Amino acid sequence: MSAATQTYEERAVKHTNACAKSLLETIARKQSNLCVSVDVTTKEDFLAVVDAVGPFVALIKTHIDILEDFDEDLIEKLAQLSVRDNFLIFEDRKFADIGNTVSLQYAAGVHRIVRWSHMTNAHLISGPGVISGLASVGLPWQRGLLLLAEMSTKGSLTTGAYTTANVQAAMQDESQFVFGFIAMHRVHEDPAHIPPDATPEQRAKDLLILTPGVGMDVQGDGKGQQYRTPQQVIKESGCDVMIVGRGIYGALLNSDAPRSEAIEQVKAQAQRYREAGWQAYLERVQPRNTQHLRRSRRGIRPLHTNTATVVAATASRAQDHQSSTPDMLSVKREATPPMLPLSQTRSSPVKKIKMELTEDEAQKIQVPRRWQEVYALLSKERQHIITPVDTMGCEENGQEDRRADRGRRRADGTEESDDDKARRLRFTTLVSLMLSSQTKDPVTADAVYKLQTRLPDGLTLVSLRDAPPEQITDCIAKVSFYRRKTDYLKTMTRILEEKHHGDVPQTVDELCEIPGVGPKMAFLQMQSMGLNVGIGVDTHVHRISNRLGWCKTKTPEQTRLALQSWLPRDLHGVINKQMVGFGQVICLPVSPRCDLCYIGQAKLCPSYRRVDPKTVGKRVPVYYVDGTVDRGDGRVPVDDQKTHENPTDAAIEAARKDKALEW
């Protein structure tokens, strides 16, 4: 089945490339498959266009080297707009040199593209070395690469055998760094371009198609560019993202019009193209999935369309539907990426993590009414329910009474000292956090257990440093992005050894220097070490805080800063675990158990919704510490309670066997 027949949400859940997953989620959340190519030559015009179109796009495409007054301030402002309006950035660099050269062009120089652009593109003219060269720089930053398989200009040579070579290179890319093409149609599904020796797994890759040359008013520009309509690109050709340039910002180039009027015209054109592109998408997937599209996500204003029976909508963020590698997936040892020199890894965060709001910013945050009552009910419910994070959370994996490598002895035969045990706990927690990204707690716990039992001295910095990449990959093969995380783990051991005396750093900024470690992980690591410097905010904390009305934020980092401005400091270290467990079992992203929520029952949750009794049986069952379970018909004893002396143990065992729960 072609990926073009699936919704953006469905594809985001399953995609293995972090950049593509983020793009698909953004498209679905904003109901926009529009990319605007901002090809102006001054900083003022560039930022004006981005500011105008940001609310309507999923992606901004840049040609950063045409800006006459480029500076670092432009990049900082572009990044701020990206966060504010929730869009990704695509630098249309068209790399085409040998691997070593493109890696330097990507990481260094004036523009340092990898630091701010979520994705870039490349010609394959120099061979597959261009992919490995760019991947060596981009993968630690979770970037993505598009190959130029076709172009929209008249007389382009990107046809025939050249297009086929691009398809083959993308299918054979084991690093998963290539996630799609610049193309006019779904080239990788075209029999004329599918390599005859492609395996079923390679043919099944979901490769995104980003298509330039889209216009609604003209068919060409007199310079070789040829335009097609959104209907032709999105609906008929099955492409995923349409790239529009002068058709949107052209009014700004007309010096006769007042600038304010020109900006309003730019906004109007962006909205016009957005609606046309989304309408074409709805018509493309409607025959197969009308019912799915009718489920409108709260907080998103549906687009008005010409199809009366379809309401544009999106489901909850696909990152809440996390997936892991299937058991049958075989690990190809030759596919493990080569190790990067430490000089090529991320040596400092893009910018220092903002620890607190300023005094003026904090004064604008309102303390939620009756939050103490809400928190008391949340804590009470958490004491009664069994959740994955309580037994399989990242901090739990290294606890002395739970870790699989306890009882280890030093090389001289003596037992580990208390300092050794504490250092191992810190290190195990960091490894767990790095593996946990977009991975469920049970899968992370299983991967850590394998590292603890299969490495020569259990899970330590030295054993992980010395282990062959293939051995690490075997242990963590079920976590998301396991090949990339293998690279991250190896790099992390070198950073700790060379910069931190073999121990885990004890500042947020130093932790964020490690590839694969973001603010959420850094704050959780600090809390686990008893350093209360901030709240670790993941998708559960972000979602629940907004559902409760504790904040109105768009990103986890905004949520963290808002919560820290009023939540008592003594709760900063416990709020994450409280909300994560609550979000895993009760306040789920989809089909929450509002019928069992203490906060909802007390009428203190503004997001409370009555649960249809007909659907309760299909929702996630809730297990309790008293040995009972609620599957929709009230609490009853678990089936095998008699085999356990402790009712809590019986409930935990039953929950682990229940495939409906996140165990």
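Why is helix α24 (residues 575–585) largely enclosed by the rest of the structure? Of the 11 residues of this helix, 10 are buried, so α24 is largely enclosed by the rest of the structure. Here, buried means under 20% relative accessible area, exposed means over 50%, and partly exposed lies in between, with a 1.4 Å probe and protein chains only. The buried residues of α24 are Ile575, Asn576, Gln578, Met579, Val580, Gly581, Phe582, Gly583, Gln584 and Val585.

## Basis of the model

This is a predicted model, in which local features need pLDDT of at least 70 and side-chain atom pairs count only at pLDDT 80 or more, while totals for chains, interfaces and linings use all residues. Residues are numbered from 1 along each chain as its sequence is written, and side-chain values use heavy atoms, with hydrogens and water left out.

## The protein as a whole

The secondary structure of the protein comes to 27 helices and 11 strands. Helices (H or I, at least four residues) and strands (E, at least two) are DSSP runs, numbered from the N terminus. Of the 663 residues in the protein, 56% are buried.

Contact means heavy atoms within 4.5 Å. Among contacts between residues at least 6 apart in sequence, 71% join residues at least 24 apart.

## The annotated active site

An unreviewed UniProt entry places the feature "active site" at Asp92, Lys94 and Asp97. UniProt positions are given in the numbering used here, feature names are shortened, and annotations may be inferred rather than shown by experiment. Asp92 lies in strand β3 (residues 88–95) and counts as buried, because its relative accessibility is 8%. Leaving aside neighbours within four places in sequence, Asp92 is in contact with Lys61, Thr62, His63 and Asn121. The side chains of Asp92 and Lys61 are also joined by a polar contact of 2.8 Å. A polar contact is a pair of N or O atoms within 3.5 Å; within protein, one must be able to donate a hydrogen and the other to accept it, and residues adjacent in sequence count only if both atoms are side-chain atoms.

Asp97 is found in the loop between β3 and α5 (99–107). With a relative accessible area of 33%, Asp97 is partly exposed. Not counting residues up to four places away in sequence, Asp97 touches Val102, Gln105, Ser126 and Val130.

## Thr62 in strand β2

Thr62, one of the residues in contact with Asp92, belongs to strand β2 (residues 59–62). Its relative accessibility is 0%, so Thr62 counts as buried. The side chain of Thr62 makes a polar contact of 2.4 Å with the side chain of Glu91. Beyond neighbours within four places in sequence, the contacts of Thr62 include Phe46, Leu78, Ile89, Phe90 and Trp116.

## Helices α22 and α23

Two packed helices are described by the angle between their axes and the distance between the axes. The axes of α22 (residues 539–547) and α23 (residues 556–564) come within 9 Å and cross at roughly 60°. The contact is made by Val541, His542, Ser545 and Asn546 of α22 and by Pro556, Thr559 and Leu563 of α23. Axes are lines fitted to C-alpha atoms, for helices over the stretch in contact, and angles run from 0 to 180 degrees between N-to-C directions.

The two helices α22 and α23 are therefore oblique to each other. Angles under 35 degrees count as roughly parallel, over 145 as roughly antiparallel, 65 to 115 as roughly perpendicular and the rest as oblique.
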